[in-house]
Amino acid sequence: MGENIFVGIATWLRGLLSGAGVPDMWNDTILLVVKLVAILLFILVNALWLVYMERRVCAFMQSRLGPIHVGPKGLFQTAADIGKLLGKEIILPKGADLLVFLLMPVVIFIPPLLIFGVLPFGKNMVAIDMNIGVFYLLAIASLSTIIFWAAGWASNNKYSLVGGMRSVAQMVSYELPLILALLGVIMITGTLNLNTIVDSQKSIWFVFTQPIAFLVYLIAGMAETNRTPFCLVEGESEIIAGPYTEYSGMGFAMFFLAEYANVMIISAMCTVMFLGGWLAPFGLDFIPSWLWFFLKMYLMIFVFMWVRWTYPRIRVDQLMGFGWKVLVPLALANIFVTGVGMYIFRAIGWWS
Amino acid sequence: MELLDSISWVAVAFHTLAAVAVISALLVVFVRNIVHAVLWLAVFFISLAGVFLTLNAEFIAAIQVIVYAGAICIMVVFGIMLIRRWNMGETNLFNSQTVAAAGVVALVTMLSAFLSFKSGVVEPAGDVPVNQVESIATALLTKYVIPFEVAALLLLVALVGAIFLAKEVKADDADSHS
């Protein structure tokens, strides 16, 4: 029950369209567009509510209440905030590169949308099943770097430029351990397809067989999304808000929401690669697979928030040193151990 | 509906992507601000990845995005930011070496025309394999293993060299200030 609700809707829509005499190719196209629009809506609404979740989690960790007045338990607080931001004046800084300045908050949402198109949300629930899913995802994710930098540069502000350069340096440095950590999982499964990776975790999740890769991935993922303790890109006390300093109104809100979209991607990716994706643990099949996916994803998002409100920001040189001298060697060692382990396990016949 | 069905959508996609690629490549050369040139370069690389996708070469397309749009553009960004000028509007200028440039362009055009006529229209040898990654990996680690290892060695040398240079500067700094 509930398991096939989304797949059922897709089948129903397809039947409805072919019943109305729509040719197959158009049927597929319409269905794909519907899926992608649904995903876009999901990202936007979810990013909005994650801001609320962040504020509540932060409040509880600091013995406060957080937003409670707008709507039941303050649930509409962030929607009201967005309404306010939409009504605000967009201030254009003097000497800014207007076209780039105004374009970047718009295109910042393209990489997250492209990535969500290939994520398996549940059993048979993937908009585009790609053979090279993991690789595609990493490739698209690397595109946000240049958008942050261009936003910082176009603002014509020293702090923004410093923030933009910090974002470039940080994202390039931490992309490497992120990819190397995922390599351990890919070596075991021998595939880049996200669905197959989920399927091969039926007996044991990779968080237990690849604990070091999981930790490296988690830390590098935090750095990739520019969240505390790696929020040097924004660093309020040092460079005000980095690339977003000059943005006001909805332009700022777009960057803010994109950060949460990126947190969702890193958490969803973590769920797929290490936590068994939509597979139910302990045979608890009565909960639908997509609900398991979202439960695990939100658990990971909560961990991200927990870390954010627990640790202070680290220094720039410590950030680089940690990335290159600790995480990269650790990830490389993990790949080596995984490779050797695979051969030993094959030799003694525990694993084929 | 019949008209729409008769159109080859792959051809439409190819021509759109090709137009975007050509226009953005021209803009990389012609815009006066070098930062805009980098952004157009990223657009060019991504549209080229789209052309690879129309050939069913998903893996190559992803490589195109991660290596060129992701890494090469970032490298150019570092280059620009390290040699920053005050007036960014005048950083990608034309010079007066028209004769030399015309000669080089004519030579390159003739060479590429000659090569393309010589090779003729290439017919595809077969369908693209479904599991491209495995075929590429097998080719890299069997037939082309020596070039692959040499490239790896070259990258390692470059990495060691970069670390050495960074260390050197630091030591000099400490000496001159103490």
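Is A:Cys270 buried or exposed? Select the residue first: A:Cys270 counts as buried, because its relative accessibility is 0% and the cut-off for buried is under 20%. Keep in mind throughout that the model is predicted.

**Cysteines**

Now select B:Cys73 in the other chain. B:Cys73 also has a relative accessibility of 0%, so it counts as buried. With the cysteines on display, look for disulfides: a search covering the whole structure and all chains returns zero.

**The nonpolar core**

Next, colour the largest nonpolar core, a set of 126 residues. To find the residues with the most contacts inside this core, pick A:Met104, A:Val134, A:Ile146, A:Trp149, A:Tyr217, A:Met273 and A:Phe274. Then show helix α13 of chain A, residues 250-274. Helix α13 supplies 17 residues, the largest share of the core.

**Chain B on its own**

Chain B has seven helices and zero strands, and along the sequence the pattern reads α-α-α-α-α-α-α. Colour by accessibility next: of the 178 residues in chain B, 19% are buried. If you draw the contacts in chain B with a separation of 6 or more, 64% of them join residues 24 or more positions apart.

**Where the chains meet**

Bring chain A back and select the residues in contact across the boundary. There are 28 from chain B and 28 from chain A. The area buried between chain B and chain A is about 2400 Å², and carbon and sulfur atoms give 82% of that area.

What is there in the way of polar pairing? Between chain B and chain A the count is one residue pair in polar contact, with both residues at pLDDT 80 or more. Salt bridges across this interface number zero.

Finish with the helices of chain B on this side. Select α1 (2-6), α3 (34-54), α4 (58-82) and α6 (132-141): each supplies at least two residues of the side of chain B that touches chain A.

Methods. Residues numbered from 1 in each chain as written. Chains lettered and ligands numbered in written order. Predicted model: local features only at pLDDT ≥ 70, side-chain atom pairs only at ≥ 80, totals over all residues. Heavy atoms only, no water. Core = buried A, V, L, I, M, F, W, Y, C linked by side-chain atoms within 4.5 Å. Buried < 20%, exposed > 50% of the residue type's maximum accessible area, 1.4 Å probe, protein only. Helix = DSSP H or I, 4+ residues; strand = E, 2+ residues; numbered from the N terminus. Disulfide = S-S within 2.5 Å. Contact = heavy atoms within 4.5 Å. Buried area = accessible area lost by both parts, 1.4 Å probe. Salt bridge = Lys/Arg side-chain N within 4 Å of Asp/Glu carboxyl O. Polar contact = N/O pair within 3.5 Å; in protein donor to acceptor, adjacent residues only side chain to side chain.
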